[in-house]
Amino acid sequence: MPISFFAENLYNETMAKRFLQYYENTAQIVWNQFMEATWNYVTNITKKNQEEMLHKDEEKSKHMLYFGTRVHLFKNTRFQDPGVKHMLSKLQNIEKAALPEDELREYNKLLAYMKTTYNMGQVCLNEGPCMPLEPDLKEIMATSRNQKELLWAWQGWRDAVGRTLRANFVHYVELSNKAARLNGYRDMGALWRSKYESDKLEKDLEHLFHELQPLYLNLHASVRRALYRYYGPEVIDVKGPIPAHLLGNMWAQSWVKILDLVLPFPNKPPEDITKIMRSQHWNPEKMFIEAENFITSLGLLSTPPEFWEKSMMEMPSDGREVECQASAWDFYNGKDFRIKKCTEVTIEDLLSIFHQMGHIQYFLQYKNLPVIFRAGPNPAFEEAVGSVITLLASSHNHLLDRGLLSRQHQDSEEELNFLMGIALDKIAFIPFAYLVDLFRWKVFDGTIQKDAYSLEWWNLRLKYQGLCPPIPRTEEDFDPGAKFHIVANMPYMRYFLSLVLQFQFHEALCKASGHKGPLHRCDIYNSRTAGKLLEDVLKQGSSKPWPEVLQNITGKTKMSAKALMTYFKPLLDWLVTENVHQGEIWADFSCFFEEKDTDKVKFLSLKLELEQAKLGQWVLLALSFVMFLVALLLACRLCSREKKSLAQDTSAQDTSVQDTSRQDTGSQDTNLLKTPANTYFLGIAMKPSQVAKRQWILLGFCLILLLCSIGLIIRIFTQHHRKPPWMRAEWWSWN
């Protein structure tokens, strides 16, 4: 009793506040050092920088472990200050820091290895240079219309990265689950879901997906039909799933790069904004300044000088290996914020910069909060803020105002073309954003076993996306590992939820700015009222529960797909009309592979490279000739021996008859009953009549071998002169 009384008085609310202040003072230093070391590594991938990053990661984990274990001493149920209770609750989840020191070190090295393998992955031509993902392979996937070239890039990237990391991913799952259990969760998927503070998250997600599914299904049917018109029945089945390499993106998560193939009204194509930007001599710095101008026009904060001095805005020209995955960074000192991006002068990269600058604005707004609260109220909020900035900046009115479009007005057909471009980015992403973590959650909880990773990955992609791999996949492959977020241990469901939230934010901001009319025409540039509404939300960080924050900006406490469906209603109406006219429905797709479009051929039921199969044919031909000659020689030899044997047997019988005449009658009767001497066939003694029969069988077998040899000769030479598709030079040509 005295001990309990002492503990209650020692770990009271006043002490809790001191404890949290101590955490705040130390966390800023530890987290800043970790971010600096990580930045140094991803902007200059070397062994030395990796070791320093791992060292700082260990220090951060020790810091989390120290405070995470001691926070349980405080019985915060009796505390009065809700902020104190909220911070103490957040400190209890220490994630990977809960692992024993040796396993934590192993886990950190494993993650670093997987990310490095991904970042340095390349695909090499047979005779030519090797190509990294950015910008080379992405450029091929975005611009090529040669399905053989697309297949080469698609398969090459998965062979170079996915296959390599399969075994590492299995071990990563084991250590992740152990860390989750040490934090009190049954697996890592449960730990990730806990950040949304909802017991019915999975049901809510499923409900949202089904709300959005009709829009995706109609888009899929329209795109499938357009690709069929372009590539033909040899590449795509108009009633079947879409091959995953034809959609303009390495992961088929965004289809905007095939807009020219799927425009509702191709006689009214949109202006090429990338071409306009280049003609106006845009560069990466100008692109960042443009995004900054948009944000500050809303009355929001401008970026500090450190941002412009320290950000990596384009690929370094000094030969450094870097991680090009675009990202925004908070260095936890209230003044240092950066973006890392290998910028190309394209409209896609310009909008990506708007997104990342949205993250930076979030950091700036909550920089004065305690470190624990420097995040969105749930992981999807930060993504949604970046995405809504991008959505607003991509409106026709804004791009026209910024000199990136010349046509003053859009007619109804041009508006549908515009909405199709947005849909190919946003709507096409819906099922992919949903299934990535659906896959990982099933892996973490054991529903998907390690010997079925490829099977279940493609089952999900078929079920939700209506896609198939362009070539058969096996369990030696690991296509999920070809996506950065999966090998980098980054939860993905935030992107699915941010799709919904960004349109809710968009509707609220447009209403605050006084916009009237269709949502896709909204431009809030220079609207201080809309900026103030957004600022009030961003300043709260994660200090309030997310339903309360959502209510502050939208007036509602639940995520809803209604705003998104309203935005795309004109396009959905057009898609439904077209699909009904064409009789398009979503069938129960299945993936079926024919051997007509493969780089390998079958030989004796084995899938071999073409040259290996040709060599096998010649070897088989040679063996057939050898066997034929051996059998023929053996038959001749046996016939010759048989003739000699018969002659000797006849002579022996004559001699035997003469000898028996000299013997008595009893002996004569006995000898007459003796059987004639046996002959031999393949070393086996038997009657002459049986030998003759087997000789005929052997000769028949020799004749069959001869016919097979002749048939194989005809096949080989026919192939050589006819040259089927996979043996022609143009089959391998990209032109």
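1. In which helix is the place of Phe505? Phe505 lies in helix H21, residues 493-512, where helices are DSSP runs of H or I with at least four residues, numbered from the N terminus. This is a predicted model, in which local features need pLDDT of at least 70 and side-chain atom pairs count only at pLDDT 80 or more, while totals for chains, interfaces and linings use all residues. Residues are numbered from 1 along each chain as its sequence is written, and side-chain values use heavy atoms, with hydrogens and water left out.

2. Phe505 counts as buried because its relative accessibility is 1%; buried means under 20% relative accessible area and exposed over 50%, with a 1.4 Å probe and protein chains only. Leaving out residues up to four places away in sequence, Phe505 touches Phe381, Ala384, Val385, Val388, Leu550, Ile553 and Thr554, contact meaning heavy atoms within 4.5 Å. Val385 is 120 residues from Phe505 along the chain, yet their C-alpha atoms are separated by 7.9 Å.

3. In helix H25 (residues 569-582), the buried residues are Leu571, Leu572, Trp574, Leu575 and Asn579. Seen down the axis of H25, these fall within an arc of 165°, so they line one face of the helix; the arc is that of the directions from the helix axis to the C-beta atoms. The exposed residues Thr577, Val580 and His581 sit on the face turned away from that buried side.

4. The cover over the buried residues of H25 includes helix H9 (201-231), helix H17 (412-426) and helix H24 (562-567). After H25 comes Gly583, whose phi is positive, near 70°.

Methods:
Helix = DSSP H or I, 4+ residues; strand = E, 2+ residues; numbered from the N terminus. Expected span 1.5 Å × (residues − 1).
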